[in-house]
Amino acid sequence: MEWPVFRQLRSRDSSGRGAAVTSKKTRETTPRTDAADTVVQSICPYCAVGCGQKIYAKDNRVIHIEGDPDSPISRGRLCPKGAASEQLVNSVGRQTKVLYRAPRARDWEALSLDRAIDMIADRLLEARKKHWEDTDQHGKPVRRTMGFASLGGATIDNEENYLIKKLFSAAGAVQIENQARI
Amino acid sequence: MAECHPVGFQWVTEAKQRGARVIHVDPRFTRTSAVADRHIPLRAGSDIVLLGALINYVLTHGLWFKEYVRAYTNAATIISEDYQDPEDLNGLFSGYNPEDGSYDKSSWSYQAAGNKKKVGEPGAESEGDAAEPHEFGAGGPPLSHSNVIRDESLQDPRCVFQLLKRHYERYTPEMVERTCGISADDFAYLAESVTQNSGRERTTAFTYAVGWTQHAQGAQFIRTAAILQLLLGNMGRPGGGIIALRGHATIQGSTDIPTLFNLLPGYLPMPEAGQHDTLDEYLDTIRSKKQKGFWTNADAYTVSLLKAWWGDAAKKDNNFAYDYLPKLTGAHGTYQTVERMLRDELDGYFLIGQNPAVGSANGKMQRMGMSRLKWLVVRDFSLIESATWWKDGPEIESGELRSEDIETEVFFMPAANHTEKAGSFTQTQRLVQWRHQAVTPPDDAQSELHFFHELGKRIRERLADSQDWRDRPLLDLTWDYPTDEHGEPEAEAVLAEINGFHVTGPDKGEPLSTFNDMRSDGSTAGGCWIYTGIYAERVNQAARRKPGQEQDETAAEWAWAWPANRRLLYNRASADPQGRPWSERKKYVWWDAEQQRWTGKDVPDFPVDRAPDARPDPDAGGPEALAGDDPFIMQADGKGWLFAPHGMVDGPMPTHYEPPESPIDNPLYGQQSNPSRIRFPREDNLLAPSALQPGSEIYPHVFTTYRLTEHHTAGGMSRFLPYLAELQPEMFCEVSPEFAEEIGLEAYGWATIISPRSAIEARVFVTERMTSLTIAGRRVHQVGLPYHWGVGSEAVVEGDAANDLLGLSLDPNVHIQGSKAAQCAVRPGRRPRGPDLLRLVEDLRHQAGLTVETGNARLTVPWNASEGQPKGKKS
């Protein structure tokens, strides 16, 4: 007896706005977070408010990101950017392969990751040597290179900024900057 | 705030529900204005007049928090007899050098007690005078000692309080109306609101973002607010303060652990050639052992950093490898680096999650600079405009560049995102929050940790046999981090190095618990002293996640804040001089006489057993010299600075100057613009004439730039996402109905906005959200431009970049560009394409008669060379 009126009486849903009128499809619909095999606590990557996020993943793929209700900063809320951050991971516009543009070329070409890092290491050392300075114009020691520069750091991690500053300073580079300057 | 930091704004809403008054001061009406008690529009760039008038109001109405100001600020301190004010010198301070725009700051010094030299005078034991502004670390500028003369009655005409009063006496409501375009009624409402909500029972907070910082005197905007907040007793107290709302997830962290040219981790300055040639010179310059506070231990922080980087190679007999650090010769900021690119002096450039082709001022200089590089490495998620300018940038369209002529090699290296790596972000209130890794990165995508670790390994392999002394810093670098099966270094191992550890002794290898554990003898290592404690007891404190609902409002067990998990800085000031809370309602940290300790709702920001009535010898130096009523423990005299005897290069008190491009004459002084601003007088960076100079009528309107909720900065993380691109699909300009009518702009049609640098087009949004103002008797129209769009072909949505319109003039203290107030022309319709665009820009330049000198005069008051000061005084 699946007549609505019977369902209404049986489930004590007297106003007919609850279980009595739930369709089979609705009953079988589950939150997509149920399918996750892992969930980790994270932080939103956009502005510096630092809202809490929960990242749901299945089979090593992010399937959902939502606000973390435990965060005393955000109490589970996310703004449009934070709420869209799943697309930072899975958007079709994301470029996940190394690309190389040769001098005077009109387009990109493919390059292996390993080869790209080798080429960058070679170029860095060459630029470092070519623009090396032992002393300034007054003969004071500077022990540095002016051959390469770096820009950016506010969107990556503290640990990553630390390694960049450490490595580049050891290489003698001083032209290291990030978004805090603008 | 509701627009750019929407989730943070929920706390403003909470406060409002409990009776707080919310006032929004901004040239445009935003989502904040919509829910504020009042929106007060002002002319972009006039903020010091408004804040200075609030200071004047507080002083002339006797509304300052007397006990707080007397005890906790330098109001009573006597300043040198040689000091002269802009009131005397037509807009300049004493000590100005017209040759290079710098100040000799010796006349701004504290008068010293006894026969000592002026505190901080050159030639005194330690001074910062010779140092460049970017050379001051976390402790700010040093003073040689803290033995100063005070007049507790505040009547001495040379005490800070009287100097302040005089300095701001012409910053009146009438001046605000004339200069900012704010009515007397709005000003009265603001002044009454701020003062009625300050004192023992109540506090007022200011929040700001780049609307205050991006000016040719942005640092002074913040200083003006600091003076006001000190006078009202709103610093170091719950619900008070000046709150920077920063724009990137770890822009705070990348300042603390800096990828910045002028800093080492923990705000230690980068050494400068000629001043810091040896470790001793470096340490003696950045601090004096005789000043007060925790900055005197900079030697332990520096040596621990050197030990963290160079391990066993950093020994006492080689000054802990101090010589391995490269040295600065002046400023090497991002805009100076672009100039070097344009002179073919730079070979390679790494872009790490930053998009200067869209996000930096004068975008053409940025892109033309990159076209002169030998190689460029772009690490990002998508093909941002800084990766593709060589094939689809604006200069390709205009014909200024041709792909087949550009020699630059470009490497696009895909980056792992925040879900694909573990690590920490430091949010805008210094809270360091750990993220756990959810998944591994796809294809070639790598974290920066992985990429830079690998790059370092390969560089070191190539140099392994080198005997060159220049390569020792790379070869001796500590670079062995444990990695996982994918080669990814363990982020927590890097965090442990940042925290620091014992190098020798019974606790060898164990993490340090606080920066007080750091030693200058090489027995400790630590990569960033202010972060010490984040890995105390081998626990990642940043990963603590006790739910907020199970904690009080301080939530001290959620993540970790530097320093020492302290949530509110200078919180000793939340108690009165005797150590009692100012009121029950505003109770936060107080002195427990029974336990003889400071206690409360937060980690006390003070020596925990220093009694309120303690009065140590000020010459003792260091934390021991702090009196029980010296709450500002990182300042060299323990006091909040109403007058800054050191540290600001363009004046000890903020003074209003007009932006480098302005529609009016400076109504306060003969000096028009900040005479110490950093200028770039170049053909590719021409400026519009200001005020009533010939040619100023060609660029008669003010434009300002800003952000929207649905996009993020230069769009690299938002314009490539379909959801966000759909929410804000198109570049637009906001104009008032009056302005649209005046020049014939059609709603939802097109406008072309032209500056001396470039011309862009935008959809026209006619709205009362933008206000036309009457300034100095004439109507001034302001054009609002969001800066998220850029020209390329890879993003879901593209559009002209507002930053292309901006010229470069930098704040001399922090080298940040003015982006918030500049001059433009506006015409209905779309901009021309191809070379016609260049002709349009050139036509206007020609009509205005622009040269590289236009707008670039440092001094606009006659100079009396024999007296070494300006002539006359503005009546």
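Four salt bridges link domain 1 of chain B and domain 2 of chain B, a salt bridge being a side-chain nitrogen of Lys or Arg within 4 Å of a carboxyl oxygen of Asp or Glu. One salt bridge here pairs B:Glu339 with B:Arg682, with 3.3 Å between the closest N and O atoms. This is a predicted model, in which local features need pLDDT of at least 70 and side-chain atom pairs count only at pLDDT 80 or more, while totals for chains, interfaces and linings use all residues. Residues are numbered from 1 along each chain as its sequence is written, chains are lettered from A in the order in which they are written, and side-chain values use heavy atoms, with hydrogens and water left out.

The two domains of chain B span 334-414 (domain 1) and 678-848 (domain 2); such bounds come from an automatic or database domain assignment. Their C-alpha centres sit 22 Å apart. In all, 28 residues of domain 1 touch 33 of domain 2, contact meaning heavy atoms within 4.5 Å. About 2,500 Å² gets buried between them, 56% of it on carbon and sulfur atoms; that is the accessible area (1.4 Å probe) that two parts lose on being put together, summed over both.

Then there is B:Thr408, which counts as buried because its relative accessibility is 0% (buried is under 20% relative accessible area, exposed over 50%, partly exposed in between; 1.4 Å probe, protein chains only). The side chain of B:Thr408 reaches the backbone oxygen of B:Met370 at 3.2 Å and that of B:Leu373 at 3.0 Å. Leaving aside neighbours within four places in sequence, the contacts of B:Thr408 include A:Arg101, A:Pro103 and B:Trp389.

Key
A polar contact is a pair of N or O atoms within 3.5 Å; within protein, one must be able to donate a hydrogen and the other to accept it, and residues adjacent in sequence count only if both atoms are side-chain atoms.
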